[in-house]
Amino acid sequence: MARVTRDYIKSLPKAELHMHLEGSLEPELMFQLAERNKIKLRFKSIEEVKKAYKFKDLQSFLDIYYEGANVLRRSEDFYDLTTAYLQRCMDDGIDHVEPFFDPQTHLARGVGLEVQLEGIGAALRDAGSRWGISSGLILCILRHLPPEEGMQLYQLARPMIGEFIGIGLDSSELNHPPRKFSHIYEAARADGLKLVAHAGEEGPPTYVWEALQMLKVQRIDHGVQALNDNKLVEHLINQQIPLTVCPNSNVRLKVFEKMCDHPILQMLDQGMNVSINSDDPAYFGGYLVDNFMEVDKALEMSRKHAALLARNSITAAFLDPQRKAQLLARLPLEEIRS
Ligand code: ADE
Ligand code: ZN
């Protein structure tokens with residue numbers, strides 16, 4: 001079996017479909033922005049911040065993730081954050097990105113949606129012209145907040161609908177089932193937006209069913225808990241519903257104890273439409289290619305596996321058929337057919 005190398009993964013055409021911009025805030029940039037905005041951090045050094053990144057579950061991570069986002073105040077901050085991520089994409093050979101952002105976190109601190117979108121949008125456009133990275137931004141609704149507030153956010157965002165391609169649902173999953181948000185998804189669907197939702201990260205398979213049947217999402221973010229429901233697995237395979245899986249995140253948040261326990265390659269071998277993504281790379285130990293290499297280290301990834309994962313990332317992307325075809329044409333067909 002021909003194993004992957006870092007350079008091999010970099011050379012493949014790829015899209016990243018599950019990455020939270022706030023989760024790409026590296027401690028170094030956190031300190032720079034804190035200084036720029038005269039914000040006092042509870043950490044004294046970058047090392048101290050990194051030491052605090054020990055999580056026991058999703059909630060213990062989210063608490064520190066929302067705290068970190070507090071340094072984002074001006075449109076330049078959002079520009080710098082997004083550009084730093086896109087530079088990493090450039091280094092990793094990523095062709096297309098569909099990043100998430102959490103407007104409610106920033107609105108709560110008085111940072112307007114226009115301010116957020118101005119910085120993020122300019123960075124995405126610049127990366128397109130400078131590096132040829134195409135993109136589509138996904139606005140996420142925080143599920144731990146009341147659905148009424150999610151709807152208020154959606155109404156606020158509507159006049160700026162040209163700035164994003166779709167909506168997502170993230171934050172604390174347990175006890176916040178997708179069905180609570182179906183009216184927001186109905187409105188977004190009527191407006192022609194793409195629909196995705198986090199489901200089956202820590203939550204049960206019923207949440208994945210709800211996201212599919214009640215929110216009518218086109219992709220599931222995470223979805224690994226679907227493996228506990230055979231009927232659901234069968235459905236996901238038959239309908240080829242994409243799951244954006246995040247191996248490093250799942251291990252750091254104790255969804256699986258060790259990377260050797262991670263089912264990503266089994267899911268792929270079973271015919272599920274899975275891709276690899278970094279989720280919150282600044283918090284979980286690395287970017288997209290790092291995730292591939294961690295999986296390889298623990299589970300031995302063949303070049304065929306890698307090519308199939310890269311292919312899935314492109315077919316699942318919200319891209320026009322022409323760009324999709326252009327990217328798919330760069331896949332090593334001999335590996336895929338082997
Ligand atoms: N927000 C950022 N990362 C997340 C994750 N892994 N699950 C849910 N919400 C998130
Ligand atoms: Zn996520």
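Q: In which loop is Gln240 found?
A: This model is predicted, and Gln240 belongs to a stretch between a helix and a strand, namely α11 (230-239) and β9 (243-245).

Q: Is Gln240 buried, partly exposed or exposed?
A: The relative accessible area of Gln240 is 37%. Buried means under 20% and exposed means over 50%, with partly exposed in between. Gln240 is therefore partly exposed.

Q: Is Asn228 buried or exposed?
A: Asn228 is found in the loop between β8 and α11. Its C-alpha atom is separated by 30 Å from that of Gly150, 78 residues apart along the chain. With a relative accessible area of 59%, Asn228 is exposed.

Q: Which residues does Leu212 touch, not counting those up to four places away in sequence?
A: Leu212 lies in helix α10 (residues 205-213). At 12% relative accessibility, Leu212 is under the 20% limit and so counts as buried. Leaving out residues up to four places away in sequence, its contacts are Val217, Ile220, Leu232, His235, Leu236 and Ile241.

Q: How are α2 and α5 oriented to each other?
A: Two packed helices are described by the angle between their axes and the distance between the axes. The axes of α2 and helix α5 (residues 75-92) come within 11 Å and cross at roughly 170 degrees. Angles over 145 degrees count as roughly antiparallel. The orientation of α2 and α5 is therefore roughly antiparallel.

Q: How many nonpolar, polar and charged residues make the contact of α2 with α5?
A: From α2, the contact is made by Leu29, Leu33 and Arg36, and from α5 by Glu76, Asp77, Asp80 and Leu81. By class, these are 3 nonpolar, no polar and 4 charged residues.

Q: Which residues does Thr83 touch, not counting those up to four places away in sequence?
A: Thr83 has its place in helix α5. Its relative accessible area is 17%, so Thr83 is buried. Leaving out residues up to four places away in sequence, Thr83 touches Ala123, Arg130 and Trp131.

Q: What is the geometry of the site of the zinc ion (ligand 2)?
A: The protein donors are His18 (NE2), His20 (NE2), His198 (NE2) and Asp279 (OD), at 2.1 to 2.2 Å from the zinc ion. The angles among the 4 donor atoms run from 85 to 174 degrees. Four donors count as tetrahedral if all angles lie between 85 and 135 degrees. The site of the zinc ion is irregular.

Q: How far apart in sequence are the parts that the pair His20 and Asp279 ties together?
A: The donor residues are spaced H-x1-H-x177-H-x80-D in sequence. His20 lies in the loop between β1 (15-16) and α2 (27-36), and Asp279 in the loop between β10 (274-276) and α14 (288-299), so the pair ties together parts whose separation in sequence is 259 residues.

Technical notes. Residues are numbered from 1 along each chain as its sequence is written. Chains are lettered from A and ligands numbered from 1 in the order in which they are written. This is a predicted model: local features need pLDDT of at least 70, side-chain atom pairs count only at pLDDT 80 or more; totals for chains, interfaces and linings use all residues. Side-chain values use heavy atoms; hydrogens and water are left out. Donors are N, O and S atoms within 2.8 Å of the metal (3.2 Å for Na, K and Ca); water is not among the atoms, so sites may look incomplete. Four donors count as tetrahedral if all angles lie between 85 and 135 degrees; four count as square planar and six as octahedral if opposite donors are over 155 degrees apart and all others between 65 and 115; anything else is irregular. Helices (H or I, at least four residues) and strands (E, at least two) are DSSP runs, numbered from the N terminus. Axes are lines fitted to C-alpha atoms, for helices over the stretch in contact, and angles run from 0 to 180 degrees between N-to-C directions. Angles under 35 degrees count as roughly parallel, over 145 as roughly antiparallel, 65 to 115 as roughly perpendicular and the rest as oblique. Contact means heavy atoms within 4.5 Å. Ala, Val, Leu, Ile, Met, Phe, Trp, Tyr, Cys and Pro count as nonpolar, Asp, Glu, Lys and Arg as charged, and the others, Gly among them, as polar. Buried means under 20% relative accessible area, exposed over 50%, partly exposed in between (1.4 Å probe, protein chains only).
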